[in-house]
Amino acid sequence: MKSSSEDGVRRSVQPQAAPMRRSLFRKYFLAFFAAVIVPLAVGGIGDAWFGYRDQRAMLSALLRVEATSAAGKIQSFLDGIQDQLAWTVQQAWTADAEGHHRLDALRVMRQAPAIVSITLIDDVGVERLHISRIDLNRMEGGSDRSGDPAVVGVRSNGTWFGPVTFRDGSEPFMTMAMSGNRKAGGIVVAEINLKLVWTVVSEIRVGSRGRAFVLDQTGRLIAHPDISKVLQGTDEKTAAALTRLRDEIAAAGGEATTARNAENEPVVTAMMAIPNLGWAVFVEQAQAEAFAPLYASLWRTGGLLIAAAIFASALAYWLARRMTGPIRRLEEGTEKIGAGQFEHRIDIATGDEFERLADRFNEMAQELAVSRDRSERIARLKRFLAPQVAELVETSGDESVLAGQRAEVVAVFCDLRGFTAFSAHAEPEEIMQVLREYYEALGAIITRYEATLTNFAADGLMVLVNAPVPCADPALRAVEMAIDMQDAIQRLIAEWRLRGHAIGFGIGLAMGWATVGRIGYEERVDYTAIGHVVNLASRLCSSADDLQILVDHAAAQSVRGKISMIALGTRQLKGFDEQIPVYDVGTRGGRWNAVAPNEGSKG
């Protein structure tokens, strides 16, 4: 979940769009009119022809700008979703990463409302998580998805886009699938609501009857201002005509061309392709309306021909300068932002769509800077801190929570018995295999109990409960965590002993006040605890036999009545002047009786 402070920052980087004072359509229209007047200055059919060519060129530019803008918006919409989905396939599917995957998926659905559902599939094709806005969520679904078209497509191409479908006969949807940079990250399959595509197309207006529409790679109509035309489907004849029109425009180098539309009306049409999807955005205007200024200008010649020619030339020059300047600044700005200079701002004050587009680019750059800083911050913290400590710092936005402070904590130490003798005779590969199994088992339990792993060395671990994240009844949580640790490791020990390894496992646990906080130097920081309770837990661990969980008096009293304790009397522990009361959790003949007692010696 996002913090309110982060939401506030996000809202603060979204300034209100400047009101549009003059539309691009009016500017283009005036330019077209002026371009027609100039040829009329010399009169005749020849000048009329040049006027027609100029008119067609400007109309082509207008239609191409609209088509390019629409295609850019659609591509940006899908790229944004693809960038968001990339966060869900960054981590490998390990036992302690499932929670992170779920949080990543929920965060992506919050940031991208167009995503209807997310399905995470591991690297062997098994569904691990399904989150949906309209269906039931599934955790550990376990179904084999390796044969799904989305999975097959991703494995072939890296990114896969499915066909457009219509849910309940109204809203268009599309399936997108992609994989992470690493195979272990698996595959994410998302169902996307394409309502934005229909909105983009519906907002395009060229003249009074101009319109835009979108075709997929098969020639099917998937977006149109009149949604009924999309829902009716595209018959073979219409699809063939539209496909032929697309081929004609492509053969003309992308320039606008005159043709007949699906209703057999003469139109001027421009097209812009969306390469990743194989879609094409068409913008068309009726020929009668498109060339109306040319036809009208033929009747308005006369005594003002020379003045009109001078005025048209000046206007064309002025407008061209007004157009090329913002376009050049937009191009330079996008190159810098694309190179990572997110602090760069595009300054355009034309009062039209160029200014609004520049504002959107500036907002995008600021959002990217915020996202980059946050990603770098949390990644840097997780390199040196336990995950929940890093999350706490990121959520609070204040690293002061890591500063040294007094806190009542439960310190848990554990290590293997007989590990020194085992490592002296075993092969390095066998030692690494044992440690890998050992840490995987303990790591999953520590994560489940939301404890803080402060450090580990060889076979020894130190874990804190109640710092830096406070919890209710920390002693009970620590003892239950130690019991689960003993259960898990004893199962491993049974397997190890079958392989001839005489290894045991002991735990020491103490409760008390300590100074907790970060320690280290600028390039390397750890979170730890210092105090009497840490030393006591360490000595109890050293004193514990295999199968034992030794607990100090404070922790034993805190869990009295909840977990049975066996008083072992007092012991003289190294480094302590007085005798220390010691308690044992459970009995050797109880829950761990699958392992014969005293088989493992202290390591």
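## Aromatic pairs

Ring pairs link Tyr438, Tyr439 and Phe505 into a cluster. Rings of Phe, Tyr and Trp (its six-membered ring) pair if their centres lie within 6.5 Å; planes under 30 degrees apart count as stacked, over 60 as edge-to-face and the rest as tilted. The structure holds 4 aromatic pairs. One of them joins Phe419 and Phe422, a tilted pair with 5.9 Å centre to centre and 55° between the planes. Phe419 and Phe422 are separated by about one helical turn because they sit 3 residues apart in helix H14 (residues 419-425). Phe419 and Phe422 are both buried. Buried means under 20% relative accessible area, exposed over 50%, and partly exposed in between (1.4 Å probe, protein chains only).

## Model and chain

This is a predicted model: local features need pLDDT of at least 70, side-chain atom pairs count only at pLDDT 80 or more, and totals for chains, interfaces and linings use all residues. Residues are numbered from 1 along each chain as its sequence is written, and side-chain values use heavy atoms, with hydrogens and water left out.

The protein chain has 18 helices and 19 strands. Helices (H or I, at least four residues) and strands (E, at least two) are DSSP runs, numbered from the N terminus. Of the 603 residues in the protein chain, 45% are buried. Among contacts with a separation of 6 or more, 61% involve residues 24 or more positions apart. Contact means heavy atoms within 4.5 Å.

## The cavity

A search of the whole structure finds 1 cavity of 30 Å³ or more. On a 1 Å grid over the protein atoms alone, a cavity is a set of points where a 1.4 Å probe fits but cannot get out; lining residues have an atom within 4 Å of a point. The largest cavity contains about 60 Å³ of space. A volume is the space filled by probe spheres set on the grid points, which are joined across faces, edges and corners.

The lining of the largest cavity consists of Tyr449, Glu450, Ala451, Val465, Asn466, Val469, Pro470, Cys471 and Arg477. By class, that lining has 6 nonpolar, 1 polar and 2 charged residues. Ala, Val, Leu, Ile, Met, Phe, Trp, Tyr, Cys and Pro count as nonpolar, Asp, Glu, Lys and Arg as charged, and the others, Gly among them, as polar.

Asn466 lies in the loop between strand S14 (460-465) and helix H16 (474-498). Val469 is also placed in the loop between S14 and H16. Asn466 counts as buried because its relative accessibility is 19%. Val469, at 33%, counts as partly exposed.

The side chain of Asn466 reaches the backbone oxygen of Glu408 at 2.8 Å. A polar atom of the Asn466 side chain also lies 2.8 Å from the backbone nitrogen of Cys471. Not counting residues up to four places away in sequence, Asn466 touches Glu408, Val409, Cys471 and Pro474.

## Asp122

Asp122 is found in the loop between strand S1 (115-121) and strand S2 (127-132). Asp122 counts as buried because its relative accessibility is 7%. A polar contact of 3.3 Å joins the side chains of Asp122 and Arg128. Such a contact is a pair of N or O atoms within 3.5 Å; within protein, one must be able to donate a hydrogen and the other to accept it, and residues adjacent in sequence count only if both atoms are side-chain atoms.

The backbone nitrogen of Val124 lies 3.1 Å from a polar atom of the Asp122 side chain. Leaving aside neighbours within four places in sequence, Asp122 is in contact with Trp93, Arg128 and Gly186.

Conventions. On a 1 Å grid over the protein atoms alone, a cavity is a set of points where a 1.4 Å probe fits but cannot get out, and a pocket is an open set with protein on both sides within 12 Å along at least five of seven lines; lining residues have an atom within 4 Å of a point.
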